[in-house]
Amino acid sequence: MKVLSPPNPATQQTITLRGRSLTKTYHTGAVDVHALRGVDISLYEGELVVLLGPSGSGKSTLLNILGGLDTPSSGEVSFRDLDVTSGDESLLTRYRRDHVGFVFQFYNLIPSLTARENVALVTEIAIDPMAPAEALSLVGLGERLDHFPAQLSGGEQQRVAIARAIAKRPDILLCDEPTGALDSHTGILVLEAIERVNRELGTTTAVITHNTVIGNMADRVLHFGDGQVINSVSNTSRQPARELSW
Amino acid sequence: MRALNLKLLRNLWKLRGQVLAIAVVIASGVAVLVMSLSAQQALQDTAAAYYERQRFAEVFSNVKRAPLRLVERISTIPGVRSVEARIKQFATLSIEGFEEPVIGHLVSIPEQGEPRLNRLVMRSGRLVAPGHPDEAVLSEPFAEAHDLQPGDQFQALMNGNQRTLTVVGIALSPEFIYAIGPGALTPDDMRYGIIWLGQEAMAAAYDLDGAFNDLSLGLLHDTNPEQVIERLDRLLERYGSQGAIARKDQISNWFLMNEIEQLKNMSTILPTIFLAVAAFLSNMVLSRLIATDRSEIGLMKAFGYSNWQVGWHYTKLVMAMASVGILLGWLLGAWLGRVNTELYAEFFRFPLLIFRPDAGVFAIGAIVSLIAALAGSLGSVRHAATLPPAEAMLPPAPPMFRKTALSKSRAGHWLDQPTRIILRQIFRSPIRALLTSLGIALSVAVMVMALQWIDSIEKIVQVYFHDAQRQSMTVGLVETQSDTVLNEFRRMPGVLAAEPMRAVSADFLVGHRSHRGAIEGVLPNPHLQRVYDAGGEVLQVPPDGLIFSTRLASKLGVGIGDTVRVEVLQDRRPKREIPVVDLFETYMGTPAYMHIQALNRLMDQRPSLEAVNLLVDKHQLSSLYQRLKSLPKVSAVVLKDAAVKEFNDTMAETIMIYITFFAAFACALGFGVVYNSTRIALSERGRELATLRVLGFHRGEISYILLGEAALLILVGLPLGCFVGHGLGWVMTSAMDSELYRIPLVIKAATDATAVLVTLGATAISAAVVRRRLDHLDLIAVLKTRE
C-alpha cells in the first residue's frame, strides 16, 4: 500500500540530510546540460529511500552532491547543522570521511588488498568504527575475510564494498545502482545486506536504481525525471528484500 | 588521413607528457652519441687538415750534433719524402713585468723561404728576415700570456750570452698544439713558450755551424714509420741520437689524439645507458597503452584488421615516440657537438675548424635508438597483435595479488592499509619495480661518474704534487753536469735544500717486450723528490737495482726479482742486465728509479746530475729568480705551486664542461624514469585513488600511496646508483688508463651525496608534476567507468 508524501512526522522527525533548491549545470562545449533543476530533498534519520528514474534523470548527480563528491551550481546541502556546500575541498573530504558511506555499481575495491584489508582501509581513518570482521559478517562474508577481490564473485565484491561503506558506522549510506552489475539472485543478497545495515544500525540510506521493484523495500520512493523530483511516495510497510524478484 | 592514423596521432597527443619524457631520455642518448662522434670526427678532420696544410712531420729525432751533409743521406732512406734539419735549444728568458724565470724553447726556421716541414701559421707580423739574428717569432699562446706583440722586446740567455730579441711575428704550429715544457704535466704559457729564430742565428749562438741537433721527416704515402726509424736510428746513433719517434709518440700529437680517444669512450658508455632506459620506458608506456586500448584492439580485429595491421599500428606509435627523441637528440647533439668542438678548437688553438658532421653519425644515432625503443616494446606489440578479439573485448580479469611474506609476518601486522597497497603493488610487478629502481640508479650513477673526476684529480694532485714532491721547484739542466754544481745551487739566495737528480734515456727490454724511457737517479733517502707509492708509502732506494713503477712493470711483464736489459741511449750507451728490486704505484708516467750512485756507475761517470730539486724560502724568491735567470744551460724551471695551479686550471676548464653536460643528462634520466612510472601508475590506479578520495582520504594521503611507491623505488635506486656509479667510474677511469697517466678511482662520500641529491631533486620535480594531476583527479568520472 502506498501513501503520498510527506511522511508521517510522528514517526520520522529528525532530518539527517537536506538539500534545498539544488541545481547543477554542466558546461560541455557550447551546450549547457541542466542535470538538476531545483531539487528539494530531505532524508530523515534511519529511513531507507529509493530514488527511481531513467538514466540521465539526474539522480546520480544528486547523490554525488549529497555525498560531498560534487558541488551544486546553486542551492545548499546541510548535514544536521553542517552546511556542506559552504566548505572547501578539505571540508568535503572530512564530511565523506566521518559521515558518508558510498556503494557504487562497480565495486571499486582495491585489488591489492584482501576483503578484510579493504574494510580496514576505512576503519583505520574512522572515529568509531566497528571491527572489519564484524562489518563483513554483517554482510554475510564472515568466512571470506582473507580473499583478494580477484578471488571473489561480483556479489561478494559488492558486499565487501557495502561492508567497507558501513564499517565506520556512517550517518548516511549512499548506494548508486548497487545491483546494476549483478544478476537478480546476487542482487537480492546485496540488497539484504543494505536492508540489514539500515535496520540494525539505523543508518539513513539512499539507494539509486532504475529497477522499480527495489522501491518496495523502501520507506519512501522518490521518482526522478528531467532533473527534478516528480513525486515522493511513502510505503506504509517495507517489503523484505528477500521477497523481491525481477 | 586514415582513421587508424588519426587514432595514432590522438594517442600520441594524449600521452604527450610521457612521450616527451621518453623523448628526453632518447634525445639525451642520441645527443651524447652525435655530440661525441661529431666532435671526434671534427677534431680528427681538423687536426688532419691542419697537419696536412702545415706539413707536420711524421718522424722526429734529436741528436747532440750532426753535420748538415747527413741530410742528403737521410733523404735517401726509402719512404722519406722530405727532411728538415733544425736546431732546438732551451733558453732562460727575462720578460718585463714577470719576475719568475721563463723557459723559451728555441726552434730554428730557415731565414729564407718557408720550412719544408712543420710550417708556421702566421697570426700577425712576419717570419724572421735574413741577416737579423735578433728577430724572433713567438707562439701565440705564449705571446698572449705575456701580452707581447710584434715590435716588443725581451731578454734571452742563449748559451751564456744575454741577448735582446725583438718580436717580429706571432705564429701557431702543428708541432706545438699542446705545448708542454720539460717536467711539466700541463701547458703553462706564462712560464714556457715556443720561440722561432733564424737558422743561422741559432747556429751562431750555439756553435752549431753546418750542423743540426733536431730532425723532422716527412714520409711518402703508405710508408711504415717504424722501418724508417730503424734505419734513421742506425745512421744517427753515433751523433748522440736517443732514438727517433713516430708522429703518434710526438708529445703534442699524443695529447691531442688522447683527447679525441676520450670522446670515443663517451660515445659508447653513455648512449648505451640512455637507450637501455629508453627501451624500458617505451615498454612501460606501451604495455599500459595496450591495456587501456584492449577493447579497441578487439574492435579493430572484429572489423577485420589483421594481427599484422594491429601490430604495425602500435609499432608506428613507438617509432613516432622514438622519432621525437631522435629529432630532439639530433638538434641537441649537433649543437653540443659544435660547441664542444669549438671549445676544443679554442683550447688547442686550431687556426681552422672543420665541423662537417657526417650524415652517418646522425643515422647511427637514429638507428640505434629506434632499435632500442622497438626492442623495448616488442613484447607489448606482440601481445596486442595476438590478442584474440573476443577476449580483447572483455574487461581484463582483475589483477591477482598475493600476500607477501612481510604482510604475513608479525611486523606486517602493524602496517596500515595504504602501506600494504604500496608493498603489494611493488611485489606484484617486481621486474617493473626493479627496472624503475635501476633507471633511477643509472641517473645517480651517471652523476657519480661525472663528479668522481673531481675527487680523482684531487687525489692525483695530492699524491703527485704534495705527497711525493717536497721541493718548491725543479731546475732542469740542458746537459749532464758534475754534481759540484749542487754547491752553487745551495749557495743561491733562499735555497734551504738542494738535491741532485739524474735522468738517463734508456730502452728497457724483457724478452720481446720493450719500453723507451728514462732511468731517474735519486738519493737513497731523498727528502725532496721522494719515491712515493700511491698507497702512502715512501720507498727507500737500495744501493743497486731498479725501482719500477707498477705500470712499467706490467708493460714489461716483470716483478720484483726479475731482470731487465737496460740499453742506455746516451753517452757511451752501456747495456746491462739489472734486477728490479722494488715496485711503486704512481699516477703519472712510467718512471724507473735507481740509486744515483748506481746510475753514475752504470754510466761510468763521475757524480753527475741533470736536474736539481730545491726547497726554498718563499721570502727570498725574487732574488732566487734573478739568480736563476742568469744561469746558463737551464732547460726547465718547474715551480710546484704554479704547476699545481696550471694543472687545476686546465682540468677545471675541461672537466667542468663535461660535468655540466652529464649533470643535465643525469637529471633528464631521473626525471624521465620517475615521471613515466608515476604517470603510468596514476593511469592504472586512478580509479583506486579516486575510490580512496571518495572514502574520505585526503589528497596528501592518496599522494602517499602513489608517490610513496615511487619514493620506495627511488630509495632502493639511490644506493644502487652509488654502487653502479662506482662501477661506471671504474670503467671510465680504466678506459682512460694510459702510459702517460692513470686516473685513480676515488669517490668521496660527498660525491655520492651530491649525486643522490641531484637525482632526488630531478625526481622530486617529476613527482610534483604528477602530484598536481593527482589533485585534479575527477572522482565522479573515474567511478562511473567500468573497471
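## Chains A and B in a predicted model

The UniProt annotation "domain: MacB-like periplasmic core", from an unreviewed entry, covers residues 20-186 and 434-608 of chain B. UniProt positions follow the numbering used here, feature names are shortened, and annotations may be inferred rather than shown by experiment. This is a predicted model: local features need pLDDT of at least 70, side-chain atom pairs count only at pLDDT 80 or more, and totals for chains, interfaces and linings use all residues. Residues are numbered from 1 along each chain as its sequence is written, while chains are lettered from A and ligands numbered from 1 in the order in which they are written.

The table describes the two annotated spans. Helices (H or I, at least four residues) and strands (E, at least two) are DSSP runs, numbered from the N terminus.

| Span of chain B | Helix | Strand | Distance between end C-alpha atoms |
|---|---|---|---|
| residues 20-186 | 27% helix | 38% strand | 43 Å |
| residues 434-608 | 32% helix | 35% strand | 66 Å |

Now to chain A. Strand 2 (residues 15-28) and strand 3 (residues 31-44) of chain A run antiparallel, joined by eleven bridges. Strands pair if DSSP finds at least two bridges between them. A:Tyr26 has A:Val33 of strand 3 as its bridge partner. Two residues lie between the strands of this hairpin, where A:Gly29 takes a positive phi near 60°.

Where do the chains meet? The contact takes 23 residues from chain A and 25 residues from chain B. Residues are in contact if their C-beta atoms, placed from the backbone, lie within 7 Å. On the side of chain A that touches chain B, helix 2 (89-99) and helix 3 (115-123) of chain A are the elements that give two or more residues. Helix 3 of chain A gives the most, with four residues.

Terms used
Contact = placed C-beta atoms within 7 Å.
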